[in-house]
Amino acid sequence: MNTGEATPTGDADASDATVPIRREVPASESVPNYVHRRIVVGAAALIVVAAMVSGVVAVTIGGDDAAVSSDATESIADAPESTGSAEAAADGSATLDGSVMPLHEVESSLAASETPALIAPAGDVPEVAHHGYNPEALYIALYGTPGSDRLGVLGEQNPTASVERAVEVAAGYNSLSSVVIPTFEIIASVASFEAGDDGNYSNESSIERLQPWVDAADTAGLHVVLDMQPGREPFQTHIENFESLLLEPNVSVALDPEWRVGPDEVPEGGEIGTVSGDEVNQTVDYLDALVEENDLEPKMLIVHQFTNGMISEKDTIRGTANVQVVIHMDGFGPYQLKQDTYQRVTADMPAGAVAGWKNFYDEDRPTPTPEQTMDHDPVPMFISYQ
């Protein structure tokens, strides 16, 4: 999952077509402004959502540094001024310019996201004959986190409206695949600059907060992917926090190595995390056992990637009959840059893995059409929209 994908304050030079959308930079090379700003501003958005998830009320940004105070009680009037470049939210619910979210607004936001009205969606919802992973299907996902429009389109509406929107977006691919399955990709945990009570530098959403979204998707025949940003915790133990949801037949997993850091590191702007092939395989084994022991249908394990260094020992990754590995390119930018990154990310895919692609409504210039998105070798089978 890629929360480093908020609108950048500076654009890449479109003529620099050989530079990956977000690239690894040698120690002797400075980070391009657009790469740095993308990560920093995206991390600032991440902090706002982390604050909502964990009940934090104060968010301060200064220059290139961001921080969350876990015991802050200041009001907006008391918030310090900031030199951060992020813009305030249009609805005034929170800002990234050094102000804070009042406690009553946090409570109101959480209440709205935790107790949505689960009524039948208007319009036709496609009938889906399965809930588990279908190798013949094309999955089209809305990406984001419940209760916030900061990290993707999924949180811009309640579960019922999100079902309708997912169905609408997926319909654009009906002529390009015989089986198209609308999907929710839900950010289940958000990396944090603070250790938190468990010391893992990640804020996990509660099952109670996520369950209505999983239920709405299940009722409508949609698939669900839970996106993990584990901070310092290994993915294979981090996902155990969500085991009750993973027991649902329509729920798969995505790993976001961007926000997987070492034991002495902190998730922060300007740094990109990494995951080893061995850690991915241990996560595969956990899911495989869960499927086998509970007689579930197969699941997907999606691994996000936009730089080579995000996955080490990539060639050692292996799926199982119960777990399909997906390598998902989630970079943004001009179409040619996205193509270049996709080719690089998929050039060394593990044996048996399939490919994924992400589109951005705001950051892509312009957002690729369904036809452009599918016009690749390998053809992506999981496509998300942020």
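Between which helix and which strand is the place of Asp 295? Asp 295 sits in the loop between helix 7 (277–293) and strand 10 (299–305), where helices (H or I, at least four residues) and strands (E, at least two) are DSSP runs numbered from the N terminus. This is a predicted model, in which local features need pLDDT of at least 70 and side-chain atom pairs count only at pLDDT 80 or more, while totals for chains, interfaces and linings use all residues. Residues are numbered from 1 along each chain as its sequence is written, and side-chain values use heavy atoms, with hydrogens and water left out.

**View 1. The whole protein.** The protein has 9 helices and 14 strands. Of its 386 residues, 56% count as buried, buried being under 20% relative accessible area, exposed over 50% and partly exposed in between (1.4 Å probe, protein chains only). Of the contacts with a separation of 6 or more, 75% are between residues 24 or more positions apart, a contact being heavy atoms within 4.5 Å.

**View 2. A negative surface patch.** Glu 240, Glu 243, Glu 292, Glu 293 and Asp 295 form a negative surface patch. Such a patch is made of residues with over 30% relative accessible area and no salt bridge, like charges being joined within 9 Å; Asp and Glu count as negative, and the place of a charge is taken as CG of Asp or CD of Glu. Asp 295 counts as exposed, because its relative accessibility is 72%.

**View 3. The salt bridge of Glu 279 and Arg 260.** Glu 279 and Arg 260 form a salt bridge whose closest N and O atoms are 2.8 Å apart, the term denoting a side-chain nitrogen of Lys or Arg within 4 Å of a carboxyl oxygen of Asp or Glu. Glu 279 lies in helix 7 and Arg 260 in the loop between strand 8 (251–255) and strand 9 (275–276), so the pair ties together parts that are 19 residues apart in sequence. Both partners count as buried, Glu 279 at 10% relative accessibility and Arg 260 at 12%.

**View 4. The salt bridge of Asp 285 and Arg 318.** In this pair, the side chains of Asp 285 and Arg 318 meet in a salt bridge at 3.0 Å, N to O. Because Asp 285 lies in helix 7 and Arg 318 in the loop between strand 11 (311–312) and strand 12 (323–329), the pair ties together parts that are 33 residues apart in sequence. Asp 285 is partly exposed, with a relative accessible area of 38%, and Arg 318 is partly exposed as well, with 34%.

View 5. Lys 314 forms a salt bridge with Asp 348, with the closest N and O atoms 2.8 Å apart. This pair links distant parts of the chain, 34 residues apart, with Lys 314 in the loop between strand 11 and strand 12 and Asp 348 in the loop between helix 8 (335–346) and strand 13 (354–359). Lys 314 counts as buried at 5% relative accessibility, whereas Asp 348 is partly exposed at 38%. Glu 313, placed in the loop between strand 11 and strand 12, has a positive phi of about 50° although it is not a glycine.

**View 6. Two cis peptide bonds.** The peptide bond from Arg 365 to Pro 366 is cis, with omega near -10°, and Pro 366 lies in the loop between strand 13 and helix 9 (370–374). The bond from Asp 377 to Pro 378 is cis, with omega near 5°, and Pro 378 lies in the loop between helix 9 and strand 14 (382–385).

Key:
Patches are made of residues with over 30% relative accessible area and no salt bridge: like charges are joined within 9 Å, nonpolar side chains (Val, Leu, Ile, Met, Phe, Trp, Tyr) within 5 Å. Accessible areas come from the Shrake-Rupley method with a 1.4 Å probe; for residues, only the protein chains shown count as cover.
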